[in-house]
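Here is a colleague's note on the structure below. Please read the points with the model open.

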Amino acid sequence: MFLMLGCALPIYNQYWPLFVLFFYVLSPIPYCIARRLVDDTDAMSNACKELAIFLTTGIVVSAFGLPVVFARAHLIEWGACALVLTGNTVIFATILGFFLVFGSNDDFSWQQW
């Protein structure tokens, strides 16, 4: 909702912040791939998971940096940037919560589907 407000409010009326949607889609992919590829008993699995977390962190930092770059380049207003950053916080907290709740290997896991 904050992302759409940052784009569609009449005082902002610029849709450049919608490029952040690519980061929303890309952010869980490295960690999901790493969890599928590694075995918990393997020594290399730790390095693979750490690489996936590093790549995910880069994607998340880029999602927070892109609206700031757009605002500094005067493509969007600073108010729209603040709304997009608030939306980023909500979305990434939701993604993190999903992995914390459904990421364990117990009986109630999304991996069984």
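1. Which helix does A8 lie in? A8 lies in α1, residues 2-8. Helices here are DSSP runs of H or I with at least four residues, strands are runs of E with at least two, and both are numbered from the N terminus. A8 counts as partly exposed because its relative accessibility is 40%. Buried means under 20% relative accessible area, exposed over 50%, and partly exposed in between, with a 1.4 Å probe and protein chains only. A8 and A80 are 72 residues apart in sequence, yet 9.4 Å apart in space, C-alpha to C-alpha.

2. On the basis of the model. This is a predicted model, in which local features need pLDDT of at least 70 and side-chain atom pairs count only at pLDDT 80 or more, while totals for chains, interfaces and linings use all residues. Residues are numbered from 1 along each chain as its sequence is written, and side-chain values use heavy atoms, with hydrogens and water left out.

3. Overall fold. The protein chain has five helices and zero strands. Along the sequence the pattern is α-α-α-α-α. Of the 113 residues in the chain, 30% are buried.

4. UniProt annotation. An unreviewed UniProt entry places the feature "transmembrane region" at residues 15-38, 50-70 and 76-102. The positions are in the numbering used here, feature names are shortened, and annotations may be inferred rather than shown by experiment. How much of the chain over residues 15-38 is helix? The model gives 67% helix and 0% strand there, with the end C-alpha atoms 39 Å apart. Over residues 50-70 the chain is 100% helix and 0% strand, and the end C-alpha atoms are 30 Å apart.

5. Helix α5. This helix has 25 residues. From first C-alpha to last, α5 reaches 36 Å, close to the 36 Å expected at 1.5 Å a residue. The expected span is 1.5 Å times one less than the number of residues. Buried residues in α5 are A80, C81, L83, V84, G87, N88, F92 and F99. L85 is also found in α5, but is partly exposed, because its relative accessible area is 23%. L85 and L3 are 82 residues apart in sequence and 8.1 Å apart in space, C-alpha to C-alpha.

6. Helix α3. Which residues of α3 (residues 29-37) are buried? They are P30, A34 and R35. These three are on the same side of α3 because they cover an arc of only 130° around the axis. The arc is that of the directions from the helix axis to the C-beta atoms. An α-helix has 3.6 residues a turn, so residues three or four places apart point the same way.

7. The largest pocket. Its volume is about 340 Å³. A pocket is an open set of points on a 1 Å grid over the protein atoms alone, where a 1.4 Å probe fits, with protein on both sides within 12 Å along at least five of seven lines. The volume is the space filled by probe spheres set on the points, which are joined across faces, edges and corners. The pocket is lined by 14 residues, of which Y31, T56, I95, L96 and F99 lie nearest its centre. Lining residues have an atom within 4 Å of a point. The elements that give two or more residues to this lining are α4 (44-72) and α5 (78-102). The largest share, six residues, comes from α5. By type, the lining divides into eleven nonpolar, three polar and no charged residues. Ala, Val, Leu, Ile, Met, Phe, Trp, Tyr, Cys and Pro count as nonpolar, Asp, Glu, Lys and Arg as charged, and the others, Gly among them, as polar.

8. Backbone points to check. Most residues other than glycine have a negative phi. N13, not a glycine, has a positive phi of about 50°. N13 sits in the loop between α1 and α2 (20-26). With a relative accessible area of 48%, N13 is partly exposed. H74 also has a positive phi, near 65°. Is H74 buried or exposed? H74 is exposed, because its relative accessible area is 69%. Its place is the loop between α4 and α5.

9. W16. This residue lies in the loop between α1 and α2. W16 counts as partly exposed, at 36% relative accessibility. The C-alpha atoms of W16 and G6 are separated by 9.6 Å, and the two residues are ten apart along the chain.
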